[in-house]
Amino acid sequence: MAASSNSNLDIPVSFAGILNEKHCPEHLQVLKTFTTALRDKEYRDAVEEEAFSALLKVLSQLCDELQAVGSENQDLQSVALQLQLTAECFRAQRNACVQSTRNQSVLRKLGFIDISLKLLNLLQTTNLESRYVFEPLCCGIQFLGNLAVGNQMCKDDIWQHSFPNLLLQLLSADDEKAVNYTSMVLHTCLDEAKVEELSKPHNIQVALRVMELCRTQPDLDWTVLIATQHFLKSLSLVESMYSGMSHLERVTLLELIFAQLREEDSEKCGIPPSVASFLASSFQKGCGAVLTLATGSATSDEVLQEALTVISLLDVLCEMTSDLKQFMFLQDHPDLLMTTVELLEQVHSIGKASKNIFSATQNFSSFSADEDPSSHSPVISFKAHLIRLIGNLCHNNTNNQNKVRELEGIPLILDNCNIDSNNPFISQWAIFTIRNLLEHNVQNQELVAAMERRGTSDYSALRELGFLVEERDGSFLLKPMRKDS
């Protein structure tokens, strides 16, 4: 709707009735006319500051009126109209900011941020009829979003006056749209310095709430963007969140990291090496929790979730070390390889000692064709992924190849070359890892060749898979057997 420039002069006069008379539906129509006019770019660009000053007076009066509403003897019809008028003010403010740096600056200078945030806090905390609250609440949050877009001074002011308490309240609102709009505002305002503020102990609840929403409402795209584009880039925030999370929430965090690593351009996943190092240390510190699953001591959800956290950490480490150059420094992470080999030995020994969750099985018939085997066991593929991580850590790394030999890990890996329905593809990962252990490493080649000459069961398992060790020019090579041999 286009409007003549003279209309600007009428706005203060039109709003005078709202300020001086008892509210009525005609006042709402006056505001709607202004809101509609602001959709037109030409009109929006021509609005004078006086019109916004008049709008601010209306908004301030509504704030005072709503603040005065008591918990008893509410005139519901009057309160409902006040809330409708408030929502329409917010709509006008929202429309005024669309692609208009000038209007953003004018509204900021006049004080719209302070009064709008005061109203949003009031809508969240005052005992108002809830069915009328969500419309002005959502419109007010949308205004903040439009005000912040592309305007650093507005972003900083919104952050200064709403962080952390009001943002946390709004992220916890009992309305999905309000939560989504708040997430948009948070994402728009965030930068590196503000992310660091989030990591402080007295502010961490905002970040934890975002992560909780990632878990409970995964369709809210803004929260996922906040986590992946901001949170995962900060070691201090990841550490603070991780220490304050339940194990279930940690699994959600790790799933987001894993998804980032699987992106097509994974080298630009945004996860810094310091975070990778922290996750490796967390795996080493907590990996023993998985062993409780075999003894039957995992009687509580908390213990089970702790074990699942370890499993998720292992999945992330496997992905990070799958030839992603920025994470291959993990090959030299202190004791990570030793921890992984020792954990594999423990899991393997427990599985062979008695029938338990780590025991190898060939019970594929229990799964239907379209069924996910992982639904039957929390440790599905765990041994296979331990072997995969060992193989990754030994790729083109002589020191780690030698460490595995010294830890007697080669016979251990060869003993896992059998098909196991609890560990799909374990034989393939074992072959992959043996290849990486033998490549350009004469001592490891000689060890496997000696096992072949002794005819040990470990090597026969490898040979049954169609591989043999061949001596050539003083070196030993792992190669496929000919079909007719």
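Let's start with helix α17, which covers residues 273–286: its 14 residues reach 20 Å from the first C-alpha to the last, close to the 20 Å expected at 1.5 Å a residue. Keep in mind that the model is a predicted one.

Quite a few residues of α17 are tucked away from the surface. The buried ones are Val-275, Ala-276, Phe-278, Leu-279, Ala-280, Ser-282, Phe-283 and Gln-284. These buried residues pack against several other helices, namely α15 (235–244), α16 (247–261), α19 (301–320), α20 (336–353) and α21 (382–394).

Ser-282 counts as buried because its relative accessibility is 13%, and the cut-off for buried is under 20%. Setting aside the neighbours within four places in sequence, Ser-282 is in contact with Tyr-242 and Leu-313. Leu-313 sits 31 residues away from Ser-282 along the sequence, yet the two C-alpha atoms are 7.9 Å apart in space.

Next come the helix pairs. Two packed helices are described by the angle between their axes and the distance between the axes. For helix α5 (residues 76–96) and helix α7 (residues 112–125), the angle is about 140° and the axes are 12 Å apart. That angle makes α5 oblique to α7, and their crossing is left-handed. On the α5 side, the residues involved are Leu-83, Thr-86, Phe-90 and Gln-93, and they meet Phe-112, Ser-116, Leu-119, Leu-120 and Leu-123 of α7. Sorted by class, this contact has 6 nonpolar and 3 polar residues, with no charged ones.

The second pair is made up of helix α4 (residues 49–68) and helix α6 (residues 101–110), which pack at an angle of about 45° with their axes 10 Å apart. Here too the result is an oblique arrangement of α4 to α6, but this time the crossing is right-handed. Glu-49, Phe-52, Ser-53 and Leu-56 come from α4, while α6 brings in Asn-103, Val-106, Leu-107, Lys-109 and Leu-110. The contact of α4 with α6 divides into 5 nonpolar, 2 polar and 2 charged residues.

How values were computed:
Residues are numbered from 1 along each chain as its sequence is written. This is a predicted model: local features need pLDDT of at least 70, side-chain atom pairs count only at pLDDT 80 or more; totals for chains, interfaces and linings use all residues. Side-chain values use heavy atoms; hydrogens and water are left out. Axes are lines fitted to C-alpha atoms, for helices over the stretch in contact, and angles run from 0 to 180 degrees between N-to-C directions. Helices (H or I, at least four residues) and strands (E, at least two) are DSSP runs, numbered from the N terminus. Angles under 35 degrees count as roughly parallel, over 145 as roughly antiparallel, 65 to 115 as roughly perpendicular and the rest as oblique. A crossing is left-handed if the near helix is turned anticlockwise from the far one by less than a right angle, and right-handed if clockwise. Contact means heavy atoms within 4.5 Å. Ala, Val, Leu, Ile, Met, Phe, Trp, Tyr, Cys and Pro count as nonpolar, Asp, Glu, Lys and Arg as charged, and the others, Gly among them, as polar. The expected span of a helix is 1.5 Å times one less than its number of residues. Buried means under 20% relative accessible area, exposed over 50%, partly exposed in between (1.4 Å probe, protein chains only).
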